[in-house]
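User: I'd like to go through the labels on this model and hear what backs each one up. Can you take me through them?

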Amino acid sequence: SAESAVKFMEATGIPMQRYQEKKRLEYRVDDIAFDLDFWPKIPMFLEIEAPTEGEVRRGAELLGLDWKDALFIDQKVLHQQYYGIDLNELKEYRF
């Protein structure tokens, strides 16, 4: 559980960097995962994950998405670049 993990980490003396919440709904077609991610303060976004780029492209096609609109960036970059939220500066990021 998350609570047990926090207690374990506290017992090791490693300080908590940040408390961060995210909600995720996952759907699957074959080996393609469609993750709807919900973070505080930003709109929901979709991640498509699969073992190969070809399968990711197929997932995008199944949803009628244009590959040229895809982003390939880390969450921290997405938050900073598009919403002006520096996750490194936050101690808590909650709904």
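Analyst: Just after α1, Gly13 has a positive phi of about 85 degrees. This is a predicted model, where local features need pLDDT of at least 70 and side-chain atom pairs count only at pLDDT 80 or more, while totals for chains, interfaces and linings use all residues. Residues are numbered from 1 along each chain as its sequence is written, and side-chain values use heavy atoms, with hydrogens and water left out.

User: What makes you say helix α1 is hardly covered?

Analyst: Buried means under 20% relative accessible area, exposed over 50%, and partly exposed in between (1.4 Å probe, protein chains only). Helix α1 spans residues 2–12, and the count of buried residues among its eleven is zero.

User: Why is Asp30 called exposed?

Analyst: Its relative accessibility is 58%, so Asp30 falls in the exposed class. Asp30 sits in the loop between β2 (23–29) and β3, and has a positive phi of about 55 degrees despite not being a glycine.

User: And how do you know which class Lys41 belongs to?

Analyst: Lys41 has a relative accessible area of 65%, so exposed is the label. Lys41 is in the loop between β3 and β4, and this non-glycine also takes a positive phi, of about 70 degrees.

User: Why is Met44 called partly exposed?

Analyst: Met44 comes out at 41% relative accessible area, so the in-between label applies. Met44 lies in the loop between β3 (32–38) and β4 (45–49).

Notes: Helices (H or I, at least four residues) and strands (E, at least two) are DSSP runs, numbered from the N terminus.
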